[in-house]
Amino acid sequence: MQRREQERSRSFEARADADPLHLVMAVTGEPPVETVQTLQGLQGQTTGRWMLTAVVHDSWHNDFTALLAVSGIQRSGQRVRVLTAGDGSGPAEMTTLGLAAASGFDVALIFPGDLWAPDTVAQLGHALAPDRVVYADEDRLDAGGSHVAPRLKPAYSPDFLLASPYVGRPLAMGSALVSGLQARGSSTAEEIEHDLALQVCEGATRVIHLPEVLCHRVGGAIESPASDSDLHVVAALARRGDAATVRPGPAVGTFRLLRDAPSTCTVSIIIPFRDEPRFLRTCVDSIDATKGAQPTEYVLVDNGSVLPETATLLDQLGGRPDVRVLSDRRPFNWAELNNVAADTASGDVLVFLNNDIEATSVGWLAVLCAQALRADVGAVGARLLYPDRRLQHCGVVIGLGGAAGHLFVGLEEAKSGYLGMAVVARECAAVTGACLATRRDVFASLEGFDASLGVDLNDVDYCLRAQRDGLRVIFDPTVELIHHESPSRGTAGDTRDIVHFIDRWSDSILSGDPYLNPHLTRVDSSCALRGPDEKEWWQRWRSSLG
């Protein structure tokens, strides 16, 4: 570990453009005792290429100067600057003052009580460029000095950042992004971080996540944003011209963004089925009751039903002007059935649904379509619950359980999951075809689902191909549906499809799903820490397929 830290430090020092990394710290009120640990952590960095600008209240200037002396840091123009602000100044105003003083340089935020790992400056400085943002993982040190509450974050996820201040600390920003940067209307450190992260990430050409714990918070639990902290999310949406309404999220400090699809947007809901008429009836009836005013057609694909009850239901549905029933008796191939149906569909947005889906909340279809209509979005999925209200789907992780799997399966409805990922909108590698929305033009450009994956993983393959073309895949928990989990088919698990999928996407599987931190397990859906032999576990699993 020490050798790796030294190598990173030398790499940063060797950069021709490696000006010192300017650290900005706002200290509101009396400096907490943990500030000494923060300063000592800077003193112990493997590189000396850093400079601290501390902004303190007038009446606490002498106290902060005393803490500098205790920490052993020599105050000089080259290492530490102390700026003062009026005692009535808030943390946002003070942070903005510090940013202005560091203008023209790469900047990182640091807060009293942050203890940085010895190579944090080196790592941040090495990854930064004028137009980049860099963030890393963090944890907390309890009273006994033990590391607890690790926040092991995913790669950059713009929708996740809108819905949650997941980026946290440490947060470093390239010099081109700092000029004119202001923290506005924020009263806590977490709000300031979130506000500034939103501003700089939207202007960055690249946002880099370093999957290492570089910041240890000392002296208490992580704060939660105040109740009015949606103001910076609203401001971010206004800057981007994104017409979304912001509402409090289900977990503390999270937000839900509600978008409306234009009333002219037409939707084709495609549902393959074979018998099980009670599920098909429930599916269609529940959609009728909840879909709202969105112009909608149903394309029902009958894959060889034989029950008289099914025939009676189809006679009833077939008489409706918004329902078209296709008969396709070929051997079951989920991809082909949906592709043929899509060719006959007329909607701007195609929504692929399993026949065992039940809609329970009004307006879900408009939200789903609004997400799918965003120009850079290729596929959108819903939060799916089992009938007993446990979680069934909140996004797919590549390599989970082998090829791909759902995160947090079986989680209690009220639980938010690790980092709140079960309840906030975010990018993910894939979403399930049990409810998948995509624009017609995207579906055409991708040439639909791959029929060579007839039963398994065709939905995941579709999402990965969309991302390969530069499109995002979004999980939106605002769209919540009941999924009766394939009662007519049982659980899919076609070995040929799995082998074919792995052969095609082995590089993605082995390099790791970017939307799940590499230090979290792929053996199961728990988000527990990764075991030491998981690479070998995966190889054994792959060998078992033949």
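View 1. The lining consists of D159, L162, A163, L257, R259, Q371, A425 and D476. Helix α6 (residues 158-163) gives the largest share, three residues. The volume of this cavity is about 60 Å³. The count of cavities of 30 Å³ or more comes to three.

**View 2. Strand β15 (residues 349-353) is largely enclosed by the rest of the structure, because five of its five residues are buried.** Buried means under 20% relative accessible area. V349, V351 and L353 point one way from β15. L350 and F352 point the other way. Both sets are buried.

**View 3. Strand β15 pairs with strands β12 and β22.** With β12 (residues 267-273), the pairing is parallel and has four bridges. Here I269 stands opposite V351 of β15. With β22 (residues 435-439), the strands run antiparallel and five bridges join them. In this pair, V349 stands opposite R439 of β22.

**View 4. Two stretches of the model have pLDDT under 50, residues 221-228 and residues 487-492.** The mean pLDDT of the protein is 92, and 93% of its residues reach 70 or more. Residues 221-228 have 15 contacts beyond four places in sequence. Residues 487-492 have eleven contacts beyond near neighbours in sequence. Where pLDDT is low, the predicted coordinates should not be read in detail.

Terms used. Residues are numbered from 1 along each chain as its sequence is written. This is a predicted model: local features need pLDDT of at least 70, side-chain atom pairs count only at pLDDT 80 or more; totals for chains, interfaces and linings use all residues. Side-chain values use heavy atoms; hydrogens and water are left out. pLDDT is the predictor's confidence in each residue, from 0 to 100. Contact means heavy atoms within 4.5 Å. On a 1 Å grid over the protein atoms alone, a cavity is a set of points where a 1.4 Å probe fits but cannot get out, and a pocket is an open set with protein on both sides within 12 Å along at least five of seven lines; lining residues have an atom within 4 Å of a point. Grid points are joined across faces, edges and corners, and a volume is the space filled by probe spheres set on the points. Helices (H or I, at least four residues) and strands (E, at least two) are DSSP runs, numbered from the N terminus. Buried means under 20% relative accessible area, exposed over 50%, partly exposed in between (1.4 Å probe, protein chains only). Two strands pair if DSSP finds at least two bridges between them.
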